[in-house]
Amino acid sequence: MTRQDQLLQEDQLHQDDQDDTSILNRTLPSGPQATQFQATDCQATTSPPPDISALRAQAIDAAYGKLTILNGVDLHVGRGAVTALVGPNGSGKSTLLKVCTKLLAPRQGAVVLDGEDISRLSTREMAKRLAILPQGPVAPANLTVRDLVEQGRYAQVGPFRMIRRQDHAAISRAIELVGLQALSDRDVDTLSGGERQRAWLALALAQETPILALDEPTTFLDIGHQLEVLELVRELNQSQGLTVLLVLHDLNHAASFADHMVVLNQGAIIASGSPWSIMHPPLLRQVFGVTASVISDPVTQKPLIIAHSSTTRGE
Amino acid sequence: MSITTMPERMPETLTAIEMISKSERWRRWWLAMPLLLVLCLALVWFSTAIGVGSVTLTPPQVWRALVAPENATRHEIVASNARLARALMALGVGMALGTAGALLQALYRNPLADPGITGVTQGAVTAAVAWIVFGPVLTPTQVSWMLPAVSALGALLSATLTWSIARLGGRVEPVRLILIGVLVGGVLGAVTSVALLYAGEDTQALITWLSGSLASVTWQKLRLFGAGVLITLPLLLMAIPRANILQFGDDMASGLGQSVTPARAIVLVAACLLTAAAVCTVGGIGFVGLVAPHLLRWFVGSDLRRLVPGAALGGGALVLVADLVARNLRPADIGEWLNIPLNTNAITLPVGVYLALLGGPFFLFLLRRMRS
């Protein structure tokens, strides 16, 4: 209980910090001039989350067997915001997502969801509060979209696993939200990549949780379908007030779709903040080993990376 | 802190939702149609199995023999009774194995998993044979209830062993599981062979039993089998939704609210108990657990709430047909037809032989399909 109290107290503190945050955000460079950042700046770029935390991870150590993946990681996921975890391969971003969603128990540290330590929540209780879509999910053969989405109600269905009226409603609504009404009786195998990912997203939405966690939702999709899925996620965040935590591989996608970016490298958080506060050449060189320019997207005004060359070669 | 929920539904959409649940009910009925077809198929084969044999009986004759034996001839009574027991047993065993196969395929997320391939059947067979040969001498009553327990234990042990070895390298790959299953099955087969060397006068009976035979079915065996299945039923009802969610992978199942390890245990125990019940009554009948869920998946889909009943009925129908062939086709006839002298002492071949003849090619077909 003491640890929980402590974390709760810190939550309050962050709430008090809100005014400072907004000032900070206002003073942050928001335009091409961000590229003028110095190397020393990137160490200090850790701004508080944009809102009070829906989910917070505190001092997380995680390992697979003897292989340590995460080392003392603190993460705040702002309520109602889209938070993107980015980082090079093997930086521990997927592992952090797994720890935050109770798929992996941390060796040390705690994750607090709505003021409760998730290690005390049952798997079922967890599924009512947070929906997760793992990377590259595979559906069993000969399963219709509706059957797939129905699985999202697993934690909520009534006695004897009866699907009740409100479950049917939730399923229909989830299918509608992703725009798959016309395909709801089709087999999942027969869908295109983008449609399939939308079906999986509907499954997570049918859980009707305030938080949605996605592990690289755009893997195996072409650029059009990638944008289709990310735009849908953004739309759901705005229209449904969903809190979204997602792991993304593509920095430009993260910058244009997330409110808040968290950069991991070698099992530690290097920087976190708004896309403009994160995306600058020294950090990209340090974390990803690339020489890059950051420009403002002429249409969205979001930061856009143009990577020129790798600096890791020959070292 | 309170949980933020998704925005409330607008009241005017309620009627739309009611309409959806109405059409949803129709959809469910529609999806259940193939199940009805399989049920009819099983019933047809069941009636045929009772009617066809050395003496052909019409349905009214069978009915008379069973309901009012005083009006029936002795032939009718004997044939009806024996065939009814045998048909019920075939149906029951097929249902148990079909269900076990559907559960295991979901558990291992592997379309090739079945009680035979994952070491479950071999474990049950080896434990039973070893216990009969090396175990203490017991009265028939003691044997009748201890044998199922022993083979159930053997099935569980061997399935756990197969799974553990397959998991040593981390993820359980489908092909890996099959290789390990073959390996464990091979070792257990060797143990069975050794046990058979010491079997003495029981050898002939054990060999027939090993390939799976319905020839020695009695009402007492049937009652015992029924009791075993009945005990497993609550566990089976728990296993179906769990296996259903495990099909989606560990992370997905966990994210949807099902703890993975207890769910796995329940599904595995249910499948092992069902297989053991079948094995101890009729021996090592193979491939039913592979073929039945596969064929039915094409018609009813992968959702286990439909696939389990489907695979059960399909498995039952399959064993009924195979036994019908086994009962009425003599090896000598086959020899005559193929023009080779097949002068065996056996009047008929055990049903397991025909199922293996059917199942082997089917397995190859599935392997080919999986590769593409």
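Two strands are taken to pair if DSSP finds at least two bridges between them. In this predicted model, pairing of that kind gives an open sheet of 4 strands in chain A, with the order E2-E1-E4-E5 and antiparallel pairing. Strand E2 (67-78) and strand E5 (116-117) of chain A stand at the edges of the sheet, and because each has a single partner strand, one side of each is left without a neighbour there. The pairing of E5(A) with strand E4 (residues 108-113) of chain A is antiparallel and runs over 2 bridges, and within this part of the sheet Leu113(A) lies opposite Glu116(A), a residue of E5(A). Helix H4 (residues 93-100) of chain A packs on the sheet, where it touches strand E1 (53-64), E2 and E4 of chain A, and the direction of H4 makes about 65 degrees with that of E2(A).

Chain A as a whole contains 12 helices and 12 strands. Of its 315 residues, 48% count as buried, and among the contacts in chain A between residues at least 6 apart in sequence, 68% join residues at least 24 apart.

The contact between the chains draws on 33 residues from chain A and 28 residues from chain B. On the side of chain A that touches chain B, the elements giving two or more residues are helix H5 (123-129), strand E6 (130-133) and helix H7 (165-177) of chain A. Sorted by class, this side of chain A that touches chain B comprises 14 nonpolar, 11 polar and 8 charged residues.

Technical notes
Residues are numbered from 1 along each chain as its sequence is written. Chains are lettered from A and ligands numbered from 1 in the order in which they are written. This is a predicted model: local features need pLDDT of at least 70, side-chain atom pairs count only at pLDDT 80 or more; totals for chains, interfaces and linings use all residues. Two residues are in contact if their C-beta atoms, placed from the backbone, lie within 7 Å. Ala, Val, Leu, Ile, Met, Phe, Trp, Tyr, Cys and Pro count as nonpolar, Asp, Glu, Lys and Arg as charged, and the others, Gly among them, as polar. A residue is buried if 20 or more other C-beta atoms lie within 10 Å of its own, exposed if 12 or fewer, and partly exposed in between; C-beta atoms are placed from the backbone. Axes are lines fitted to C-alpha atoms, for helices over the stretch in contact, and angles run from 0 to 180 degrees between N-to-C directions.
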